[in-house]
Amino acid sequence: PSTSSATTSSGGGKGAPSQSQTTYSYTQSIGIGLCEGPIESMRRVWENGELVYDAWPRRDGETEAAYNARLTANSVYFATFVLYPGTESQAPDATMEADKGVGNVPAFRSLAYIMYPDRKLRDDQGQRHPTFKFEVHVPLTGYGTDDVPADLNRLLGLLCARCGYDSVSQVDATSLSDTTIGGYAVQSVMTGRDAITPLVSVGFFDCVESDTKLKFVKRGAAALLTLDAGQLGVYDDPSTAAPGAAISVVEAEDVELPCQIRVNYLSNDADYEAGQQLSPARYDTDAVNIADVELAVCISDTQALQIAEVLWNDAWQGRDTYTTTVDQSNADIEPTDVLIVPMLGSDFRARVSKVNDAGQIVRTLTLVSDD
């Protein structure tokens, strides 16, 4: 709903005709959906890029005078809105009920939203609502409510829990506890797999169904074992006269690989504005493509640059795909495992990407070169 008001003033000098001037002001009530609830609190608000509300705890190096001034400004702004945290028990908004009638307004339960009742439209904002940006604080249910950055172990457990897994007994992502991000958004309706995919480019991990668990394994682990030449190229038909090579390799062409990688992200260093970092480039090959990686995560510029470089190096390092067969004495090998495999008189480090047990006796392994 919108309202307007008019103020008329009159005046004039001695003997001059009286003059009047009417000034109009306008207000409008506006509600803005924030995210799936429940949230714990509103932390910061920007209007047209200007920070107008900052409820973070006192920062290192912030003087007492500056902190008190921020609290005072916050209290003024806080009086202009009503925050609905998105609980299952929140009531309908009174401003909307006043316009639509009691009983005619949903409570929008499980949706966190903010309502500005009778917000004055300002000349310096063009007599229209500004572009808002909000920072909210979510405690990850079951994972504590501290203010430390979210680590991928907790995030992956939460995402898997949303898909019906028990995050304690059916999910293991402990190898990613030391990888943190400033924030993460599931921006639309999607599968759990699609929600996890952007995090792979941040944490450099793979997932495998191991026994009764989903295991998220960070890359770069020590090799599980070293295979010798006699363990490779196993075949289950003794009548085969020419079984083929013990291990085969396919190398991706340069044109299939990225000349450069461009990472797009939300920058912690620039109040969550869009950021972009470029990897090094290869100009001495036939590669010409610049690959864009879109990350709906909040990370620092330095972390984004590291991600761009690692993704770029990983694409070139992983250009070789190996295929070999082993017998059931290596039944413990599973995807994500790192192996040392012999080929052409040298040992190569490779990561298992796929295991095919259709042959029952023979296991076919697909591996990629790994560093």
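Okay, so which residues form one aromatic cluster here? They are Tyr 53, Tyr 77, Phe 78, Phe 81, Tyr 116, Phe 132 and Phe 134. Before I go on, bear in mind that this is a predicted model.

Let me stay with the rings for a bit. The count for the model comes to 13 aromatic pairs. One of them is Tyr 77 with Phe 81, and that pair is tilted, at 5.8 Å centre to centre with 55° between the planes. Are those two buried or exposed? Tyr 77 has a relative accessible area of 10%, which is under the 20% cut-off, so Tyr 77 counts as buried. Phe 81 comes in at 6%, so Phe 81 is buried by that rule too.

Tyr 77 has another partner, Tyr 116, and here the geometry is edge-to-face: 6.2 Å between the centres and 75° between the planes. I like this pair, as it links distant parts of the chain. Tyr 77 belongs to helix α1, residues 64–78, while Tyr 116 is in strand β6, residues 111–120, and the two are 39 residues apart.

Now, charges over rings. Tyr 116 shows up again, with Arg 119 over its face at 5.1 Å from the ring centre. There's also Arg 43, which lies over the face of Trp 56, and there the distance to the ring centre is 4.6 Å.

Where is Glu 135? You'll find Glu 135 in strand β7, which covers residues 132–137. Its relative accessible area is 7%, so this glutamate is buried.

Which elements supply at least two lining residues each? Those would be helices α3 (152–162) and α4 (192–203), plus strands β12 (205–210) and β13 (213–218). Sorted by class, the lining has 11 nonpolar residues, 2 polar ones and 3 charged ones.

That's my tour, thanks everyone.

Methods:
Residues numbered from 1 in each chain as written. Predicted model: local features only at pLDDT ≥ 70, side-chain atom pairs only at ≥ 80, totals over all residues. Heavy atoms only, no water. Helix = DSSP H or I, 4+ residues; strand = E, 2+ residues; numbered from the N terminus. Nonpolar A, V, L, I, M, F, W, Y, C, P; charged D, E, K, R; others polar. Phe/Tyr/Trp six-rings, centres within 6.5 Å; stacked < 30°, edge-to-face > 60°. Buried < 20%, exposed > 50% of the residue type's maximum accessible area, 1.4 Å probe, protein only. Lys NZ or Arg CZ within 6 Å of the ring centre and 35° of its normal.
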